[in-house]
Amino acid sequence: MTRSRLGFWIFFAPVLLWLLLLIILPHLDLLTMSFRGEDDYGDAVWTMQNYMNFFTEPVYWFTFVRTALYAIITTFITFLLAMPVSFYIAKLARTRVQGALMILLLLPFWVSELVRIYGWMILLRESGVLNFLMLKLGIIDTPIEMLYNDATMIMGLVYTSMLFMVVPLISVMESLDDSLIEAAHDLGAGPLTIWRTIIIPHCKPGITSGAIVVFMLALGNYLTPNLMGGKNSLWFTEQIYNQFIASFNWNQGSAFGFLLLVLSSLIIWVGLKVTGQKLGEVAS
Amino acid sequence: MIRSLPRSKTYNWSFNLFILAYFTFLFAPLLVTCVLAFNDSNYPSLPWQGFSLDWFLAAGPERIGLFHDEQNLRSILTSFQTAFFVSILSVVVGTCASFLFEKENFRFKGVLYFLMLAPLVIPGVILGISLLLAANTAGMFFEDTFGLDFDVFRPSFWLVVFGQFSFITTFVTLVVSARLRKFDISLEEAALNLGATQFGVIWHITLIFLRPAIIGAWAVAFLMSFENFNTTLFLVGSEPTLPINLYLQVRDGSTPVINAISLMLIVGTSLLAMVNLYFTRKDE
């Protein structure tokens with residue numbers, strides 16, 4: 001079937017405008033801004049200074065490494081929690097319960113991240129619900145501040161990105177043929193062997209796509225570290241925000257932003273290469 | 001192990017307990033938020049002081065309920081307006097993009113497709129700052145060369161709309177493309193043979209076929225825009241959207257009005273999620 005050139009341009013023009021004006025040009029601008037700076041006379045010049053600052057100021061690259069490390073830990077914990085949940089929903093729950101569980105699973109994630117984090121704050125803070133209940137039950141004598149530490153922050157990150165691990169895992173587990181597990185069981189394999197040799201290898205694509213999305217979300221998260229991590233949460237997005245809004249040093253902020261972009265794309269690229277997947281497959 | 005295999009009592013019980021704990025973990029923060037919205041106390045915490053609708057209805061001066069809280073109401077309205085424009089823009093351009101990528105062939109299609117997917121792996125914070133930079137550059141350019149001053153290029157309502165549009169369109173494109181791939185091309189050919197015009201075919205046949213996917217994508221786009229924080233944070237001007245406004249309040253100490261807003265959000269998003277679920281089911 002031949003299409004008119006007009007038809008093609010009607011589809012093509014808005015897409016090109018979108019990608020050019022809102023994706024390509026802004027990121028090129030980010031890159032150029034990160035190499036701009038002022039010399040001693042206050043004139044704008046090309047410089048590597050913004051990147052030099054990052055490497056010579058320990059707090060910057062410390063935060064950078066810390067953010068990456070915590071994002072990896074978050075991804076790993078999310079995986080550990082999501083695995084049995086998705087196994088239960090895909091393989092153990094009765095078919096009628098399955099649908100209901102899926103809806104229950106999705107619902108909290110439709111609600112704004114801010115509301116969910118706020119809920120945790122009411123639960124965990126010193127005057128919070130959990131402390132109140134524990135005091136009443138006589139488990140503790142004085143309230144404990146459970147917010148504003150790294151463990152709570154990681155829990156918050158796990159909570160906010162849980163869904164993006166569970167959903168891909170459920171869909172790969174549903175495609176796993178039950179008879180494989182039955183056969184292994186009949187031949188005398190224990191649960192551990194079944195997990196190691198059948199379930200986990202089969203789930204690899206789901207694990208990768210889940211891990212990539214969770215990692216990226218944790219790395220780029222601003223709300224959760226900011227509200228649950230307390231004063232010293234030191235998250236890299238916060239450094240970017242501070243450079244932009246508090247210090248008004250847009251050049252330094254651009255350099256940080258570009259470094260974060262490079263880090264996240266690099267890790268995602270490695271993840272895709274190692275498992276032989278394409279971005280398009282992960283996305284859908 | 002799985003449904004069809006014999007399972008021991010302990011295995012079953014420990015699994016059920018784990019799932020119960022997991023769903024408690026998912027819903028505890030939401031539940032607590034909702035319940036405390038009705039607590040007759042000035043703080044969002046226990047003890048329970050009795051049932052009250054003050055946080056919705058009180059007109060002041062001691063307590064100001066949600067329906068009399070001008071600042072919060074205004075931010076809700078702003079969020080609705082933003083989500084309205086974002087969802088319409090992204091559904092139109094996203095549908096164009098899926099037609100472009102599914103039905104047309106042209107040079108550099110692969111490059112363009114990759115660029116279309118890029119917003120999936122760019123952290124929201126970075127999209128925000130690069131768009132802020134680009135808008136600023138554009139604003140300076142227009143001012144220096146033409147002496148024109150556009151409000152659009154400063155953090156403002158429209159900048160937020162464009163920022164959210166830039167990545168939500170990708171999600172719309174993926175949802176609509178998935179449906180378009182299932183379309184039987186012979187329907188179009190039959191209509192053309194019977195003398196329909198090209199645009200008549202798209203309007204009366206293809207778009208009708210895509211309707212459930214488009215409505216579902218619209219709901220997703222609306223919600224994503226309504227609750228977006230990371231990108232909006234950098235682009236917001238004098239009219240904060242609801243998540244930004246809530247964030248400022250949560251950070252600086254909270255009152256149960258936030259619980260009341262959260263409750264409305266939870267109810268609202270659950271309803272919209274159901275709409276989306278209904279149309280996705282129909283899709284299959």
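A residue is called buried here when its relative accessible area is under 20%, exposed when over 50%, and partly exposed in between, with a 1.4 Å probe and protein chains only. By that rule A:Lys91, at 4% relative accessibility, counts as buried.

The structure is a predicted model, in which local features need pLDDT of at least 70 and side-chain atom pairs count only at pLDDT 80 or more, while totals for chains, interfaces and linings use all residues. Residues are numbered from 1 along each chain as its sequence is written, chains are lettered from A in the order in which they are written, and side-chain values use heavy atoms, with hydrogens and water left out.

The predictor's confidence in each residue is its pLDDT, from 0 to 100, and for chain A this averages 85, with 95% of the residues scoring at least 70. Within chain A, confidence is lowest in helix H14 (residues 279-283), at a mean of 61, and highest in helix H7 (residues 150-161), at 91; helices are DSSP runs (H or I, at least four residues) numbered from the N terminus.

Where the two chains meet, 95 residues of chain B are in contact (heavy atoms within 4.5 Å) with 91 residues of chain A. The area buried between them, meaning the accessible area (1.4 Å probe) lost on being put together and summed over both, is about 8600 Å², of which carbon and sulfur atoms give 79%. Helix H1 (residues 9-36) of chain B supplies the largest share of the side of chain B that touches chain A, 16 residues.

A:Asp150 is partly exposed, at 26% relative accessibility, whereas A:Arg66 is buried, at 12%.

A:Lys91 forms a salt bridge with A:Asp178 (2.7 Å, N to O), and this pair links helix H3 to helix H9 (residues 178-186) of chain A, 87 residues apart. A:Asp178 is partly exposed, with a relative accessible area of 22%.

In chain B, the side chains of B:Glu70 and B:Arg74 meet in a salt bridge of 3.8 Å, N to O. Both lie in helix H3 (residues 70-103) of chain B, four residues apart, about one turn of the helix, and both are exposed.

Technical notes. Buried area = accessible area lost by both parts, 1.4 Å probe. Helix = DSSP H or I, 4+ residues; strand = E, 2+ residues; numbered from the N terminus. Salt bridge = Lys/Arg side-chain N within 4 Å of Asp/Glu carboxyl O.
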